[in-house]
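User: I would like to go through a structure with you. Could we begin with how its helices pack?

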Amino acid sequence: MDLKTIKTSPFNDQRAGTSGLRKRVSQFKQAHYLENFVQSLFDVLEDFQGKTLILGGDGRYYNDTAIQTITRMAVAAGFGRVLIGRGGLLSTPACSHLIRKTGSFGGLILSASHNPGGPDGDFGIKFNTASGGPAQENLTEQVFARSLEIDQYKLVESSDIELSATTTININNTKIDIIDPVEDYALLMQSLFDFEKIRVLLNSGFSVCFDAMHAITGPYAKKILGECLNISTEQLFNVTPLNDFGGGHPDPNLTYAHELAELMFSDNAPDFGAASDGDGDRNMILGKHCFVNPSDSLAVLAANAHLVPGYRNGLKGVARSMPTSTAVDRVAEQLGIQCYETPTGWKFFGNLLDAGRITLCGEESFGTGSDHVREKDGLWAVLFWLNIIAERKLSVAEILQQHWQKFGRNFYTRHDYEGVDSAAAQMLMKQLEQQFTGLNNKQFGHYTIKQCDNFSYRDPIDDSVSEHQGLRILFENGARIIFRLSGTGTRGATLRVYVEDITTDPARLEQDTQQALLPLLQIAEQLASIKLHTGQDKPTVIT
Ligand code: VG1
Ligand code: CO
């Protein structure tokens, strides 16, 4: 087939955020927009001729068109093989696994994760390297620089490829394989967890439900939870991926997965409930009448990992993103292993995982994962919890209570203010940071400030430094208030306020989170005038 070179001119907004390039569909649909980004990436990458590229996405609107375009460009660029999930589908963790398993050069994941989809929603694209993890900042910055200069891109003139069935075709010197998106991932899960034990738990009457939120985990849940674990189809909700996620927000939290949350707090609540996000890397875990805070989830997984086949030999170390609560730090201390604190975003865990410094890692934003892939992994976390429950024979609530009794409890909440005017959000951050020098040792009731800073991270493996990763107000007793602006939003700014306090007082362990954190929330308002700057009296989402 003929190669065609198309003239183009740069856009100036193709810098990757926390997790790849994420924009409104209307922006992505502009002529040459996607092509410019992909060609900028191919221009910057080296030595991929003849090698394999993995390609797939979460099935959102524009996924199909983008798959066709990228395949034509990958052929023109000289990849030897393009491996595409059937229907153009691959979850983020499954893509990461395939890159690693097949020894591919890298992969392109088409997703805007938890952001809404559809013609008026968002689209996104992210490049993962041979390790299976998201590209590091030095690469994404090179791509951005290239995107400001680009004047042409190349593609092969071919008709659309058929994505609906597994098959192999050749275009010029490139082999295109359409593969089952679930199979390899399902095998990986079976190698890590004791499916037989989980089946025994389920047969004993322990009831489980899962909400795929009309996103990518639908087919994975049907195979792994439905076929392998015999969970009935009535217990698997919204498992048909829709290109607009049924009009919902595929974000597994108490606000956007409210149907599941309501069920889990109702009289006929099952014993266990879980949900995942647009691209399948997040998880929300609920027990009967009980919500597991993601920071606690990471700590519980770390404390119980030795019960699970894949982690029986113990953990090398753990890591959490800076705003994630320090619950896992105390588990690490007891286990005598290192705990690393990284900036927000999975790309920062990659080096630690590759270097064998850590086995488990996680973020407060409903993301947990391990060295089995180089992304966070939603269904993996669900299976991990089920395996722990099958071993310990306790309810989710009992596991949490016992954890808090042993390690103390981190009260933790995140308040998101979405759709804030960008300039106003910047002003809030600037004015707060300006006060920092005067805040040291300042006392608010029984909270005394120990340190305030703008978090900066030096990667212990490659010494790269990432600055301005969030404003931290740290108190003497371990309490923290953190302010950050989101790097994944596409509409104005999203302010995230993370608040945490620690207690070991047995009488306080069961206290309501928002109640326990009220004094710190008031300090946050006092210091940052959140209502004034955002023009909102209350957060859009409370976790
Ligand atoms: C958010 C979360 C962050 C996560 C990122 C990508 O980023 O806070 O923890 O890594 O989303 O998640 P931000 O910059 O909006 O706070 V996702 O599920 O792309 O897969
Ligand atoms: Co996601």
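**Helix packing and ligand surroundings**

Analyst: In this predicted model, the crossing of α2 and α5 is right-handed, the near helix being turned clockwise from the far one by less than a right angle.

User: At what angle do the axes of α2 and α5 cross?

Analyst: The axes of α2 (residues 33–44) and α5 (residues 137–147) cross at roughly 120° and come within 8 Å. α2 and α5 are therefore oblique to each other, since angles under 35 degrees count as roughly parallel, over 145 as roughly antiparallel, 65 to 115 as roughly perpendicular and the rest as oblique.

User: Which residues of α2 and α5 make the contact?

Analyst: Phe37, Ser40, Leu41, Asp43 and Val44 of α2 make the contact with Leu139, Gln142, Val143, Arg146 and Ser147 of α5 (heavy atoms within 4.5 Å). Five of these residues are nonpolar, three polar and two charged.

User: And how are α10 and α11 oriented to each other?

Analyst: Their axes cross at roughly 15°, and α10 and α11 are therefore roughly parallel to each other.

User: Turning to ligand 1, how many residues surround it?

Analyst: Ligand 1 is surrounded by 20 residues, each with a heavy atom within 4 Å. Ser113 has a side-chain N or O atom 2.5 Å from an oxygen atom of ligand 1. A polar side-chain atom of Arg22 lies 2.6 Å from a ligand 1 oxygen atom.

User: What conventions apply?

Analyst: Residues are numbered from 1 along each chain as its sequence is written, and chains are lettered from A and ligands numbered from 1 in the order in which they are written. Local features need pLDDT of at least 70, side-chain atom pairs count only at pLDDT 80 or more, totals for chains, interfaces and linings use all residues, and side-chain values use heavy atoms, with hydrogens and water left out.

Note on methods. Axes are lines fitted to C-alpha atoms, for helices over the stretch in contact, and angles run from 0 to 180 degrees between N-to-C directions. Helices (H or I, at least four residues) and strands (E, at least two) are DSSP runs, numbered from the N terminus. Ala, Val, Leu, Ile, Met, Phe, Trp, Tyr, Cys and Pro count as nonpolar, Asp, Glu, Lys and Arg as charged, and the others, Gly among them, as polar. A polar contact is a pair of N or O atoms within 3.5 Å; within protein, one must be able to donate a hydrogen and the other to accept it, and residues adjacent in sequence count only if both atoms are side-chain atoms.
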